[in-house]
Amino acid sequence: MKRDDHHEYSDELEKSNPMSKPAILITGASTGIGATYADRFARRGHDLVLVARDAARMEALATRLRAEAGVSIDVLPADLTRADEIAAVEARLREDDRIGILVNNAGAGLGGRFIDQSADAITQLITLNMTSVTRLASAVAPRLTARGDGAIINISSVVGLAPELGMSVYGATKAFVLFLSQGLALELGPQGVYVQAVLPAATRTELWGRAGADEATLPPMMDVNDLVDAALAGFDKREGITIPPLHDGSLWDAFNGARQAMLPGFGQTQPAPRYAA
Ligand SMILES: NC(=O)c1ccc[n+]([C@@H]2O[C@H](COP(=O)([O-])OP(=O)(O)OC[C@H]3O[C@@H](n4cnc5c(N)ncnc54)[C@H](OP(=O)(O)O)[C@@H]3O)[C@@H](O)[C@H]2O)c1
């Protein structure tokens, strides 16, 4: 997929001066994709702030990574669906000048059919997958744009492009994350902040069990290490959109090109002839 040339990022500086490596705040870092990002970024020499609810799991990961990678790691337990707890994470993103990259990864699935999903479960999913992602990006963006560099990685999903998969609310939250990332890339990119949306397909993590999926009906899965390594290859190329399972990247370019071709039409003040009474 095409690199977005708007995105200038100080990776050359970072490689030449290890002291300049920014710290990275990763949400959903207790397991799965987030814990794998923590492992990879620690091995690249970045200090980390790990956020999730399970403090003990994050402490165990932090202890291992401090020993193996020699980086400094803070554990910041928080339930991102609780206003009082996300506030502490927002404050950290606003105030800690060492943090230059946010990995907005915490998220959940929601099993069952739409007609069987409760309003409370839907609200909880939207609060985690949409509200928390947006609030954390909003907390860090002013500081990153003021200093003219940094990055926000948002974990979306191919489900956000595929209503056919029958996960309507989950997919809608992930379409939101994709759109938000595209919009923020346009808004923040010219000010030196790189925004990446990562769209995994089915990846072997605890997400499926947590969402109540039936083991017997699970699709074939990508290994989480392969997923994160591919996502980081996209990050290193400064791709705006990274879809690790999509082998023919030109399909995304064609899709996005078709969307952009519609834009001039949205300025028409007369209804299209096909809607003539
Ligand atoms: N696995 C897939 O097939 C797949 C495919 C496409 C996209 N994704 C996306 O990838 C991201 C990571 O998913 P995963 O597969 O790694 O899932 P996972 O293994 O279930 O991990 C989810 C992470 O989010 C944290 N989390 C959940 N609820 C939270 C809350 N209320 N507050 C704070 N942290 C919370 C969990 O930690 P605690 O329980 O300790 O809080 C955990 O660290 C999600 O956004 C997901 O939608 C996954």
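Author: We may start with W252, which is buried, with a relative accessible area of 7%. Buried means under 20% relative accessible area, exposed over 50%, and partly exposed in between (1.4 Å probe, protein chains only). This is a predicted model, in which local features need pLDDT of at least 70 and side-chain atom pairs count only at pLDDT 80 or more, while totals for chains, interfaces and linings use all residues. Residues are numbered from 1 along each chain as its sequence is written, and side-chain values use heavy atoms, with hydrogens and water left out.

Reader: With which residue does W252 form an aromatic pair?

Author: Rings of Phe, Tyr and Trp (its six-membered ring) pair if their centres lie within 6.5 Å; planes under 30 degrees apart count as stacked, over 60 as edge-to-face and the rest as tilted. W252 pairs with F255 in a tilted arrangement, at 5.4 Å centre to centre and 50° between the planes. The two are separated by about one helical turn because they lie three residues apart in helix α9 (residues 250-262). F255 is partly exposed, with a relative accessible area of 48%.

Reader: How many aromatic pairs are there by this rule?

Author: The count is four. One of them joins F41 and F235 edge-to-face, 5.9 Å centre to centre with 80° between the planes. This pair links distant parts of the chain, F41 in helix α2 (residues 32-43) and F235 in helix α8 (residues 224-236), 194 residues apart. Both F41 and F235 are buried, and together with Y37 and Y194 they form one aromatic cluster.

Reader: In what order do the strands of the sheet run?

Author: Helices (H or I, at least four residues) and strands (E, at least two) are DSSP runs, numbered from the N terminus, and two strands pair if DSSP finds at least two bridges between them. Here seven strands form an open sheet with parallel pairing, in the order β3-β2-β1-β4-β5-β6-β7. Its edge strands, β3 (73-77) and β7 (241-242), each pair on one side only.

Reader: Why is strand β4 described as largely enclosed by the rest of the structure?

Author: Six of the six residues of β4 (residues 99-104) are buried, so the strand is largely enclosed. Four bridges join β4 to β1 (residues 23-27) in parallel, with I24 partnered by I101. β4 also pairs in the parallel sense with β5 (residues 151-155) over four bridges, where L102 has I152 as its bridge partner.
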